Structure formats: C-alpha cells, structure tokens
Amino acid sequence: MPGTDVRRRLLARPRWLPSESVLSFLLVLVVASALRLPFPDLTPFGHDEALEAERARPIWYGARPVDSEVTSWWIPDPAGLLYYFSLAEAFPKPAIARVVQMSATNVVSVLLCYLLARRFFGPGIGLIAGLLYAANPWAVTFARQPWVITQPLLTTIMLLAAMMVVVRRDRRWVIPFFLAGAAQTQTHLLAVLFGPPVLLTLVLFARRWLVPHVLVGVMLAVTMVAPYALHLLVLWPEIAEALGRGNRGMTLLPDPTALTLTSWLISGYNLERKLGFYDGAMLLLRVPLLIVAALAAGLLMLGTVRSALACVRRAEAWRADALLLIWLLA
C-alpha cells in the first residue's frame with residue numbers, strides 16, 4: 001500500500017549513515033583507543049619495565065636468547081615477549097614507543113573480543129562485551145604497561161579460533177589456534193594455566209579437530225616451543241633441585257586470593273593498591289568502583305548460568321557456550 005511504502009522510506013536508514021555493525025565497531029574502537037593510546041609518557045616506568053627494556057635491547061642488535069628472568073619457582077621465563085618488545089628500539093624513544101606498542105596490541109584484543117561475541121552471541125552481546133573490556137580499569141592499566149604477562153591478544157585469538165573450528169566447522173582456524181597457543185607459552189610461565197582449557201577443547205570436541213590441518217598446526221607449534229623446551233631440559237637437574245627445596249613464598253592453604261583477584265580484574269575495584277601510594281582521586285572512586293564490581297560480578301554469574309543452561313538444553317549453537325565455560329572455569 002502507498003502509506004506503508006511511505007512509512008518504510010521514512011524509517012529506512014539513510015544511505016550516508018554507516019550500518020549498525022560499523023557504528024558499534026567504531027564505538028568500541030574509540031573507547032578502547034582513547035583509554036589506552038594517549039599520553040604514553042605518563043605510564044609508570046618501574047623496575048619491571050626497566051628490566052624488560054634492558055633485556056629486549058640486545059635482541060635488536062642480534063642477540064637471540066631463549067629465556068628471560070628466573071622466576072620465584074627457579075624456572076626461567078621464556079623470552080618470546082622480549083623479541084616483540086625489541087621492535088620498539090627502532091624508535092628515538094624506545095620506552096615510550098614500547099608503551100604505544102603494547103597499548104595498540106591490546107586495542108586489537110578488545111576489537112577481536114567484540115567481533116567474537118558479536119559473531120557467536122549476537123550484536124547486543126558483542127557491543128556489551130566489547131565496551132566492558134574496552135573500559136575495564138584493570139585491562140586499561142595493564143594494557144599500557146610493557147611487562148611480561150600472558151597476552152590477552154593471544155588468548156582472544158585462541159578462543160576465536162576454537163569457536164570457529166568447533167562451532168562453525170571452519171578447519172582453516174586449526175593452525176591459528178595452535179600457533180597462538182604456542183606463542184602464548186613463550187610469553188610467561190603462567191601460560192601453563194591455559195593447558196586445561198586447551199586439552200578440554202581438543203578432547204570434548206575431538207571430531208572437530210580430526211582434520212589434516214592439525215598435523216600442520218602441531219608441527220608449527222612444536223617448532224616454536226622447541227628452543228625453550230630444550231633449554232629447560234638442559235637445566236632440569238637445577239630446576240628439580242630448586243623445586244625440591246620448595247618456595248617459601250607460596251602456599252596451598254585456602255585463602256581469598258582467587259576471589260579478590262577476580263573481583264579486581266572484572267571491575268577495577270581496589271585498583272589503587274596497584275599504585276603503591278596514596279591518591280585522593282582513586283579513593284573518591286572506591287564507592288563507584290564497588291558498585292561496578294557488584295554489577296560485573298552479577299553479569300559474570302548470570303552469563304555463567306545462562307551458558308550452563310544452554311549446554312544442558314542443547315540449545316542452538318550450545319557449543320559456543322560450552323567453550324566459554326571451559327575457558328572461564330578450567
């Protein structure tokens with residue numbers, strides 16, 4: 001009818017206006033970039049940052065180490081991130097360039113998180129997840145620090161690749177999954193925490209991974225980790241002796257550390273402790289951050305229950321919810 005056609009034309013999106021997906025992507029990009037990229041010279045440059053800069057610089061001039069700092073477990077950290085940090089030496093002010101380098105890397109991680117959530121859980125969930133990640137105080141703080149930690153970008157790539165293989169049956173993502181996992185093991189010893197979710201992903205959805213691409217992915221991953229693994233093998237007598245002596249700084253007794261760290265990471269609450277000194281502005285933010293912590297914890301619990309119910313009911317695309325639970329809880 002003529003009246004219906006008129007209403008459709010009036011409600012239709014103007015051709016000059018970008019689509020909803022483009023606007024959402026740009027919104028997440030702007031928020032993530034605005035909180036991570038400006039004023040890199042204001043990022044604290046402490047002992048850890050200086051140590052990484054000192055170790056990364058020789059790599060730019062030809063050094064090829066396979067390990068980094070010896071940890072409290074008396075096992076040397078892998079040197080993978082040092083090679084990435086060394087790229088900043090090409091700039092006049094490497095310390096500042098390294099901050100921008102890490103910040104830009106973490107902006108990409110936020111965008112991948114948005115795209116992952118949008119593709120598998122819908123536009124609304126994608127926008128919410130992207131903005132929560134983009135504006136998370138802890139994520140922003142650590143995104144601006146050139147320090148050896150497990151890399152969120154590699155974790156996001158691993159989860160995205162697993163989703164594509166298991167849910168979309170796209171075998172092309174098998175190789176990126178193994179490469180990102182191998183690269184993650186070269187960033188920090190804490191990458192061993194990704195062992196359980198990786199194994200569960202491969203075992204529980206074994207049929208999705210029984211493709212020729214797995215052989216290529218495994219071979220490339222083994223090639224990437226071989227130098228560091230062989231180095232640990234040579235040092236194993238010393239490492240075993242140190243592990244036998246134990247670490248007085250570690251305990252297996254129950255404590256609230258896990259719960260505290262989780263509340264910090266998802267909300268930014270208690271972020272002032274990271275500063276190490278008194279700051280009036282952060283104290284004024286304690287109540288707002290406490291409210292955000294409660295909301296974030298509620299959303300996390302709600303999402304966990306929702307994903308669990310989707311798996312129990314075998315809802316459409318339940319495997320995506322199963323992967324989320326595996327990587328969150330394992």
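A crossing of two helices is called left-handed if the near helix is turned anticlockwise from the far one by less than a right angle. I start there because the term comes up with the pair I want to show you, and that is how it is defined. Please keep in mind that this is a predicted model.

First, the overall picture. The chain has 17 helices and two strands. It runs to 330 residues, and 38% of them count as buried. If you take the contacts between residues at least 6 apart in sequence, 73% of them join residues at least 24 apart.

Now to helix 5 and helix 8. Helix 5 passes helix 8 in a left-handed crossing. On the helix 5 side, the residues making the contact include Thr-105, Ser-109, Leu-112, Leu-116 and Phe-120. On the helix 8 side, they include Pro-152, Thr-156, Leu-160 and Met-164. The two axes lie 9 Å apart, and the packing angle is about 20°. Helix 5 is therefore roughly parallel to helix 8, since angles under 35 degrees count as roughly parallel.

Let me stay with helix 5 for a moment. There are 28 residues in helix 5, and the distance from its first C-alpha to its last is 40 Å, close to the 40 Å expected at 1.5 Å a residue. How many of its residues are buried? The count is 21 of 28, so helix 5 is mostly covered. Just after helix 5 comes Gly-122, with a positive phi of about 105°.

Next is helix 6, residues 123-135. Helix 6 has 13 residues and spans 18 Å from first C-alpha to last, again close to the expected value, which is 18 Å at 1.5 Å a residue. Which residues of helix 6 are buried? They are Gly-126, Gly-130, Tyr-133 and Ala-134. These residues cover an arc of only 100° around the axis, so they sit on the same side of helix 6. What do they pack against? Their partners are helix 2 (20-36), helix 5 (94-121), helix 7 (137-143) and helix 8 (152-166).

Of those partners, I have the detail for helix 2. The axes of helix 2 and helix 6 come within 8 Å and cross at roughly 10°. That angle makes helix 2 roughly parallel to helix 6.

On to one of the strands. Ser-68 is found in strand 1, residues 67-70. Is Ser-68 buried or exposed? Its relative accessible area is 12%, so Ser-68 is buried, the cut-off being under 20%. Leaving aside neighbours within four places in sequence, Ser-68 touches Glu-52, Arg-55, Pro-76, Asp-77, Pro-78, Ala-79 and Leu-82.

Then there is helix 16, residues 286-312. Helix 16 has 27 residues and reaches 39 Å end to end by C-alpha, close to the 39 Å expected at 1.5 Å a residue. Leu-289, Ala-293, Ala-296, Ser-307, Ala-310 and Cys-311 are its buried residues.

Most residues other than glycine have a negative phi. Arg-314, which follows helix 16, has a positive phi, near 50°. Arg-314 belongs to the loop between helix 16 and helix 17 (318-329). With a relative accessible area of 56%, Arg-314 is exposed. The other one is Arg-169, where phi is also positive, near 55°. Arg-169 lies in the loop between helix 8 and helix 9 (174-185). Arg-169 is exposed as well, at 59% relative accessible area.

Last, helix 17. Leu-329 is in helix 17. Where does a leucine there end up, buried or exposed? Leu-329 is exposed, with a relative accessible area of 61%.

Terms used
Residues numbered from 1 in each chain as written. Predicted model: local features only at pLDDT ≥ 70, side-chain atom pairs only at ≥ 80, totals over all residues. Heavy atoms only, no water. Helix = DSSP H or I, 4+ residues; strand = E, 2+ residues; numbered from the N terminus. Expected span 1.5 Å × (residues − 1). Buried < 20%, exposed > 50% of the residue type's maximum accessible area, 1.4 Å probe, protein only. Arc of directions from axis to C-beta. Contact = heavy atoms within 4.5 Å. Axes fitted to C-alpha atoms, helices over the stretch in contact; angles between N-to-C directions. Parallel < 35°, antiparallel > 145°, perpendicular 65-115°, else oblique.
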